[in-house]
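Subject: Structure handover

Dear colleague,

I am passing on the structure below, and I would be grateful if you could look it over alongside these notes.

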Amino acid sequence: MKKSFLFAAAAAMFMVSCNQVEIDSNAGKLTQNNEGQTVIGAEIVDYKTVLGTPEDNVYPINWQEGDAICVNAATSNALAASDFSGKKATFTFGEELTSPYWAVYPASAAGTFGLDGADVTVPSVQGYVAGSFDPAAAIMLGKGEEGISFVNAMAYIKVKTTGTEKISNVVVTSLGAEAISGEFTTADFQTIAPKEGGNTSTSVVLVTETPVDAGTDIIVAIPAQTYASGFMISIQSPDGKVYQKKST
């Protein structure tokens, strides 16, 4: 039987380095103003929230207006257009912070900070963003004494299809025991791991507010780790049809 909805490419994985990095001295300097605020410069070392036009098959990913970070359990003001340029940004906090700085992006993903690190929530539901991925799931971690250098804790699967159906959601499920969403922790502010005793899931769903056409690139964020058994990718059309493909 001929299907009207076929995978052209099951998945392309854009893995992101989670190796230790040295703090870039040009990322920004700490300032304390007379109003008791703290201003911290932040720079993206790897990738982040907005996919730009690829150059030599590499997607530049930059800060965007409205971004906010959580540093030492304090949430920054949202970025205004004048606060960032490409991978560099300056975040302002309404209180005085003491270095060293430990940071989570986005601020909405940050949980409790403690002596052994911080809790991080990986969303179980992501929203479709045309040509990019949901910034709420694009988790980055960083640290520094003056400025903060961020590295990405996530990797990205790009799902591409052909056919005549529309797409209402995409579910990515790890075929091993690896957690994909839920409660995670970070000890080194470079990588995340499932929280011991926490509520995690081996699946994540990306939902389109309005069904999109087959052939549309759909990008799903998942934790950057080894998936020994690969994935099951399930695509659902608005009329309830489900198409599945395994990917290694």
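Leaving out neighbours within four places in sequence, Leu141 is in contact (heavy atoms within 4.5 Å) with Ala103, Val104, Val120, Ser149, Phe150, Val151, Ala153, Thr186, Phe189, Gln190, Thr191 and Ile192. Please bear in mind that this is a predicted model, in which local features need pLDDT of at least 70 and side-chain atom pairs count only at pLDDT 80 or more, while totals for chains, interfaces and linings use all residues. Residues are numbered from 1 along each chain as its sequence is written, and side-chain values use heavy atoms, with hydrogens and water left out.

Leu141 also belongs to the largest nonpolar core, a term that stands for a set of buried Ala, Val, Leu, Ile, Met, Phe, Trp, Tyr and Cys residues joined through side-chain atoms within 4.5 Å; buried means under 20% relative accessible area, exposed over 50%, and partly exposed in between, with a 1.4 Å probe and protein chains only. This core has 19 residues, of which Val120, Ile139, Leu141, Met154, Tyr156 and Ile192 touch the most other members. At least two residues of this core come from each of β12, β16 and β22 (218-223), where strands (E, at least two residues) are DSSP runs numbered from the N terminus. The largest share, 3 residues, is supplied by β12. Another core, of 18 residues, lies apart from this one, and its members include Ile69, Leu79, Tyr105 and Phe150.

Turning to charged pairs, the count comes to 5 salt bridges, each being a side-chain nitrogen of Lys or Arg within 4 Å of a carboxyl oxygen of Asp or Glu. Lys195 pairs with Asp119, with 3.1 Å between the closest N and O atoms; Lys195 sits in the loop between β19 (193-194) and β20 (200-201) and Asp119 in strand β12 (residues 117-122), so that the pair links distant parts of the chain, 76 residues apart. Lys195 is partly exposed, at a relative accessible area of 31%.

Glu165 forms a salt bridge with Lys241, again with closest N and O atoms 3.1 Å apart. Glu165 is buried, at 12% relative accessible area, whereas Lys241 is partly exposed, at 37%.

Finally, Asp213 forms a salt bridge with Lys166, the closest N and O atoms being 2.3 Å apart. Asp213 lies in strand β21 (residues 203-213) and Lys166 in strand β17, so this pair ties together parts 47 residues apart in sequence.

With kind regards

How values were computed:
Helix = DSSP H or I, 4+ residues; strand = E, 2+ residues; numbered from the N terminus.
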